[in-house]
Each structure stands twice: as structure tokens, then as C-alpha cells.
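Please take me through this model in the viewer, one selection after another. For each stop, tell me what to select and what is found there.

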Amino acid sequence: MNSKTLIVAALLIVIAALFFYSRRPQPVEVEAYTLAEGEVRATVANTRVGTIKACRRAYLAPATGGQVAELRVKEGDKVKQGQVLLEVWNQDLKAQVVLQKAQINASRASAEQACQLAGGAEREAARMTELQKHKNVVSVEQVDKSVTGGKSQRAACKAALQAIDVAEAQLDLAEAAVQRTLVKAPFDGTVAEVNAELGEFVTPSPPGIPTLPPIDLLDVSCLTVSAPIDEVDAASIKAGMSACVSLDAFPDKRCSGIVTRVAPYVLEKEKQARTVEVEVTLRDPKDLAELLPGYSADIEVLLSQKDRTLRLPAEAILENHRVLLIDADNVLHEQSFQPGLSNWSFTEVLSGLKAGDSVVTSIGKEGVAAGVMVSVKP
């Protein structure tokens, strides 16, 4: 073979190599994550939106119907426990109180008279008994009449004293009737709504027929978040667990919450998943700032936590706990791992991977699969 033939053969080989090199698949550009230690928190979140609620709320109405005679508060007023907020016309009942007080005074005077007479009759009976016993001046019949008279007067004294007790009980009854016409604050709070006017006729709500209460009172010194948790997740939640609260109206999470109540029953509503109502109370006064009852809110209950553990981002994980591992030649390989704690952001790696391994996070990108050569996006 001459030199010219060798040169032609070499050129053909080079051309063929260049052709095949130009036709080879180009590396797929992917995003990657390098495994390292960090915090992983196992949490449970609500399935439907929750609500900020005042720790106490009372819909107040008088115990008896009548015409509003006094309305002592307006919406937004701060009130103290026991403060009178509304009064129904009750002049007749107040007159009964005055009458009963006068009756008590009369009964006390009658009792004093009866007891004085009883004392005198008893002393007279004692003298008659003494005279009959030592001097035989009076007859036995006179002594018996005198003793009987003393006992009768003493009984009249006791009856008069009992009449005072009866009059005092009637006074309590009259005062209770007056109290039924008053609406008092059962706790310190803020008047949210007033649904009554002076001169208007108000009545208590009949059983089973809700009506607007004359006064709606809120205690906003503490607030709770009530949210439904799926029945499957609710079993792991206990009172005292830490929790974070997120609100649509504010950007930052508020993580001073603590689970204060897990409902002892499952809510069963048509066409809805069965849930358990969980209440979270915010403890930090700063977290309560600007919050109002009625805001929509979500809760995230912390079940367990590890501050430093090997972890994977959620976007890198395939079904059945697999990842696409990038080897030294930038080729993807499927790799299984054993998971530990998990949440929406990270999953703990117990085995199967090590710190420093690179895994693909853009697993949904077209062309990303095991055996493909990749280039990592900066």
C-alpha cells in the first residue's frame, strides 16, 4: 500500500470520527443538589383552611324579654367582667325589691315585739312556779296557765323570726327578677356588635331558633387557630406539641403556637373528607399583633425534629424512594435510599446515599432519565 493510499484512508477515518462525534447526543442540562446535613422537621398540616378565633365569645341577651330601657355600650367598647351592658325596663320589679325591704323591716319589728312578750311571759311563769312551790300562794292551775302562756309567746317569737327569713328570701327572689332584666359582661372583653336600640323590644332566642343577639362580646386577649386535620394524620397529634401558623394576610409564619385541643370526635360532613378539629394557641404577644378573629389561617404541627441530619429536597425524589444520581462521568443512575423524617421540603436520608453525592432536582425535565449524560446548570 503506497503512501497516497494511507493518507486517503487516514482522512476517511478522521472524517468518519468527526461525523459520529457531531451526531452523538448532547448532554442534558439539569439542576442538581449536593447532599449535606441540615434540619428536617416531620410536620402535619391542615387539609382545609382554618380560622382565627377569639379564646372566648359570648352572644348576650337578657333572660327575660322586654323594652330596652338603657344601652350602656357601643361597638368597640372595652368592658370589664360584671359590667352592665344593657337593661330592660324593670321599674315594677325594682318596686318589688323596695317593697320586700320594707316588709323585712316590719317583720323585724314584729319579731322584736313577740320576743319581748315571750320573755315577759316566761319570767311571769317562773315567778308563779316559785310561789306555788314554796308558799303555796297560787294554785297549780294558775301556774300551768302561766307556763303555757310563756311557751306560747316563745313560739310566737320564733314564728316572727322565721317571718324575717321568709321576707329575706322573697327579697332575694325580687332581686333575681331584676337581674334577669340586665345583660352583664361575663368576662373582660370588647363589644363586637350591638344589635339593639333604645326602646326596642328584645327577647331571648327560642329553643332551636337562633336570632341576632343584642350584644356580641369577644375576649381577644388570647387567640386560637381552629383548623381541620385529616383523620389519618390527626392520630399522631397531641396537646402540647409546637406549631406554626401561616396567614394569607401576612407574609411571615408565626411559630410560637402550641396545640391546646384535639377534638375528641371526627367531623363527618357529606362530600368532605373526615377530619378532626385541632386548635393552636399563639403564646408570643408579638405573634398576636394585628390578628383579628375571622382571619383565614393554616397550621403546621411539629411531630419530631432533627437539627443536623443528611437530607434530600423533595423535588429530587422519585417514587419508591429513588433519586437520579450523577456519577463522576456525569451520567445518571437510579439509586434507592432509606428515608427517615419527612415534610414538604426535605426528607431525611438514613442509608443509600452519602454527603457530597449530587442528585438531579429537575427530574420532570424532558430527556432526564437513567443512563443519560448531563451537564449541571450553574
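Select Lys365 to begin; this residue sits in the loop that runs between strand E20 (358-360) and strand E21 (374-376). Strands (E, at least two residues) and helices (H or I, at least four) are DSSP runs, numbered from the N terminus. Lys365 is partly exposed, its relative accessible area being 39%. Here buried means under 20% relative accessible area, exposed means over 50%, and partly exposed lies in between, with a 1.4 Å probe and protein chains only.

A note on the model before the next stop. This is a predicted model, in which local features need pLDDT of at least 70 and side-chain atom pairs count only at pLDDT 80 or more, while totals for chains, interfaces and linings use all residues. Residues are numbered from 1 along each chain as its sequence is written, and side-chain values use heavy atoms, with hydrogens and water left out.

Zoom out to the whole chain. The protein has five helices and 21 strands. Along the principal axes, its C-alpha atoms fill a box of roughly 180 × 55 × 40 Å. The radius of gyration is 44 Å, whereas a compact globule of 378 residues would have one near 21 Å; the value is taken over C-alpha atoms, and the globule rule is 2.2 Å times the number of residues to the power 0.38. Of the 378 residues, 34% count as buried. Among contacts (heavy atoms within 4.5 Å) with a separation of 6 or more, 76% are between residues 24 or more positions apart.

Next, select Glu348 in strand E19 (residues 346-351). Is Glu348 buried or exposed? It counts as buried, at 3% relative accessibility. Show the side chain of Lys306 as well: a polar contact of 2.8 Å joins it to the side chain of Glu348. A polar contact is a pair of N or O atoms within 3.5 Å; within protein, one must be able to donate a hydrogen and the other to accept it, and residues adjacent in sequence count only if both atoms are side-chain atoms. Beyond four places in sequence, the contacts of Glu348 include Val40, Phe337 and Pro339.

Move to Ser226, in strand E11 (residues 215-230). Ser226 is buried too, with a relative accessible area of 4%. Which side chain makes a polar contact with the side chain of Ser226? It is that of Glu277, at 2.6 Å. Leaving aside neighbours within four places in sequence, Ser226 also touches Gly50, Thr51, Lys53, Val278 and Glu279.

Then go to helix H2 (residues 91-134) and pick Gln100. This residue is buried at 12% relative accessible area. Apart from neighbours within four places, Gln100 is in contact with Ala167, Gln170, Leu171 and Ala174. For a distance across the model, select Glu290: Gln100 and Glu290 are 190 residues apart in sequence and 52 Å apart in space, C-alpha to C-alpha.

Finish in the loop between strand E15 (296-313) and strand E16 (322-326), where Asn320 is located. Asn320 is not a glycine, but has a positive phi of about 60 degrees; it is exposed, at 63% relative accessible area. His321 lies in the loop between E15 and E16, and its phi is also positive, near 60 degrees. His321 counts as partly exposed, at 40% relative accessibility.
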